[in-house]
Amino acid sequence: MPTDIAWRMLFGGRSGDEPALRAQIGRMVSEAIAAGLLAPGARLPSSRGLAAELGLARNTVVAAYDAMIDAGVLVSRDRSGCFVASPGADAARSADPEPSAAVAWPGRFAIRPSRLPQITKPRDWTRYPYPFLFGQFDASLFPVAAWRESVKAASSVKEINGWSLDQVDDDDRDLIEQLRLRVLPRRGILAAPGEIMVTIGSQHALSLLVQLLVARRTVVGLEDPGYTDTCNMVGLASDRIRPLARDGRGIVPDAAFRACDVAFVTIGHQCPTTAVTPLSRRRELLAAAAEGDVVLVEDDYEADLSTEEEVGLPSLKSLDADGRVIHVGSFSKVLAPGLRVGYVVAPSPVVDELRALRRLMLRHPPTNNQRSLAAFVALGHYRAHLARTAAVLRQRADLIAAADAGLHLSPGLRREELLGRGTGGARRSGTRPGASARGRPDRAGRHLLHGSGAGPPLLPARLHGDPAAADRAGAAAARGGPRGLFQVRRPPLPGFRSGGRTGTAALC
């Protein structure tokens with residue numbers, strides 16, 4: 001049996017940050033068994049002895065041992081103590097043949113989503129010193145103290161009695177109210193309570209909308225390049241996908257656009273280029289959509305992470321005069337993806353159908369998270385968090401622009417161009433961006449290019465010591481932008497741009 005010092009070393013990584021110390025004890029014992037540090041049949045210290053050794057209450061250790069006995073990790077022997085269970089115990093429980101062995105499952109699948117192009121990311125990306133990685137956020141920016149205060153505010157007996165009941169297909173009224181009063185108005189959107197529905201992130205919202213709006217013969221317009229999973233979801237539902245043409249000002253409102261039944265667009269920060277559609281083009285798109293009777297789904301996944309140049313630029317939904325725009329938003333990029341809170345803003349007939357469809361899947365998103373987020377917004381923490389995050393991201397963008405380490409930075413449009421107050425032309429992709437007198441990049445929608453290579457593209461190619469790869473990535477961008485996963489037509493992937501659905505990790 002290990003010595004007392006060994007036990008102290010084994011449990012040295014515990015902390016009071018996790019909800020229950022007994023869960024930490026169970027996890028550490030299980031890891032020690034898996035690593036071979038505790039062999040089958042090894043006797044664990046008595047609950048009293050381990051509690052004294054670790055400075056814990058005996059009840060905590062007893063509860064941890066009981067949980068591991070129930071899970072089959074340990075076995076208890078009368079008057080002898082607790083021992084590591086032998087592999088034979090688990091083998092006996094799993095000796096029955098698997099029922100699936102007699103079923104040819106691939107032939108039973110109606111769809112094969114695993115065969116669709118997937119966005120893959122290394123699970124250990126946080127160990128890289130410069131994690132320029134698609135779709136992750138910077139946990140160091142999460143407002144821990146403010147969130148704890150908000151969770152505490154939502155955890156009184158009165159509050160729990162309010163959110164713990166089955167809401168059937170309803171949402172937390174406090175969160176709906178905060179969305180109406182403090183979140184959506186930042187984007188120029190005024191909505192009634194019956195026009196808002198909470199989802200488990202924007203991905204869930206897009207999935208619901210595809211199921212509601214897209215049939216096999218529905219003509220669907222998708223940005224090319226565009227968000228991979230939107231293309232995947234639509235591809236499972238419709239045979240009639242139309243790539244939408246783009247120019248330097250965004251989606252072109254041409255005849256192909258007007259011929260669509262529904263179009264999915266990322267107007268605020270186009271995915272994956274991060275380009276920002278100017279106000280004049282937004283109005284042109286709405287006019288063309290009205291002419292062709294096109295329903296527009298505005299995926300505004302990171303609206304509250306707008307740059308200074310984009311402040312005051314209204315969302316497509318706020319400009320919508322005839323109710324044909326469905327707005328999708330999310331807190332995943334601006335706050336944390338693990339919260340899984342998004343929302344849809346749409347005419348009430350659409351929301352009514354979405355609620356009924358959502359109920360068939362999961363009834364409603366967890367209301368404890370909804371109430372905590374409502375408190376977070378109501379207490380003013382959300383506004384403060386946005387200000388702090390914007391300052392940090394601006395500083396990081398300035399550092400990258402100033403470093404000039406051979407990075408290929410593609411310029412976007414000036415603030416005057418975005419808001420329709422000037423006619424200056426955008427520079428060519430691949431040229432070195434200018435900077436304002438304060439040292440800030442003078443254009444919105446800037447994006448960083450990566451070489452692809454065999455491994456995960458976590459660093460700019462030139463920082464990997466491969467300037468040729470960076471040059472190839474820049475040339476690919478000049479020929480029309482990202483390839484592979486982000487295109488409706490998918491040729492081999494030579495390179496892609498950081499940005500799009502990146503959130504705060506884009507410049508970590």
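Strands β10 (residues 325-330) and β11 (residues 342-345) run antiparallel and are joined by 4 bridges. Helices (H or I, at least four residues) and strands (E, at least two) are DSSP runs numbered from the N terminus, and two strands pair if DSSP finds at least two bridges between them. Within this pairing, Ser330 has Gly342 of β11 as its bridge partner. The structure is a predicted model, in which local features need pLDDT of at least 70 and side-chain atom pairs count only at pLDDT 80 or more, whereas totals for chains, interfaces and linings use all residues. Residues are numbered from 1 along each chain as its sequence is written, and side-chain values use heavy atoms, with hydrogens and water left out.

Both strands belong to an open sheet of 7 strands with mixed pairing, in the order β3-β11-β10-β9-β8-β4-β5. Strands β3 (196-199) and β5 (240-244) form the edges, each pairing on one side only. From one strand to the next, the twist averages 20°. Helix α10 (residues 201-213) packs on the sheet and touches β3, β8 (262-265), β9 (295-299), β10 and β11. Contact here means heavy atoms within 4.5 Å. The direction of α10 makes about 155° with that of β10; axes are lines fitted to C-alpha atoms, for helices over the stretch in contact, and angles run from 0 to 180 degrees between N-to-C directions.

The interior was examined in terms of nonpolar cores, each a set of buried Ala, Val, Leu, Ile, Met, Phe, Trp, Tyr and Cys residues joined through side-chain atoms within 4.5 Å. Buried means under 20% relative accessible area, exposed over 50%, and partly exposed in between (1.4 Å probe, protein chains only). The largest nonpolar core has 29 residues, and Phe331, Leu335, Leu373 and Tyr382 have the most contacts inside it. At least two residues of this core come from each of α7 (144-153), α9 (173-183), β3, β11, α16 (367-378) and α17 (381-403). Leaving aside residues up to four places away in sequence, Leu335 touches Phe137, Phe142, Pro143, Trp147, Leu373, Phe376 and His385. Another core, of 27 residues, lies apart from the largest one and includes Leu206, Val210, Met233 and Val351.

Aromatic residues were considered next. A pair of aromatic rings is described by the distance of the centres and the angle of the planes. Rings of Phe, Tyr and Trp (its six-membered ring) pair if their centres lie within 6.5 Å; planes under 30 degrees apart count as stacked, over 60 as edge-to-face and the rest as tilted. A search of the whole structure finds 4 aromatic pairs. The pair of Phe142 and Trp147 is edge-to-face because the planes of the rings stand at 65°, with the centres 6.1 Å apart. Phe142 is buried at 18% relative accessibility, as is Trp147 at 12%. The rings of Phe331 and Tyr382 are likewise edge-to-face, with centres 5.5 Å apart and planes at 70°. Phe331 lies in the loop between β10 and β11 and Tyr382 in helix α17, so this pair ties together parts that are 51 residues apart in sequence. Phe331 is buried, with a relative accessible area of 1%, and Tyr382 is buried, with a value of 2%. One aromatic cluster is formed by Phe142, Trp147 and Phe376.

A charge is also placed over a ring: the charged end of Arg77 sits over the ring of Phe83, 4.1 Å from its centre. The criterion is that NZ of Lys or CZ of Arg is within 6 Å of the ring centre and within 35 degrees of the ring normal.

Backbone geometry was then examined. Most residues other than glycine have a negative phi, and most peptide bonds are trans. A cis peptide bond joins Asp224 and Pro225, with omega about 5°; Pro225 is found in the loop between β4 (219-223) and α11 (228-237). Cys271 and Pro272 are also joined by a cis peptide bond, with omega about 10°. The loop between β8 and α13 (279-292) holds Pro272 and also Thr274. Thr274, although not a glycine, has a positive phi of about 65°, and this residue is buried, with a relative accessible area of 9%. Arg363, another residue other than glycine, has a positive phi near 65°. Arg363 lies in the loop between α15 (348-362) and α16 and is partly exposed, with a relative accessible area of 33%.
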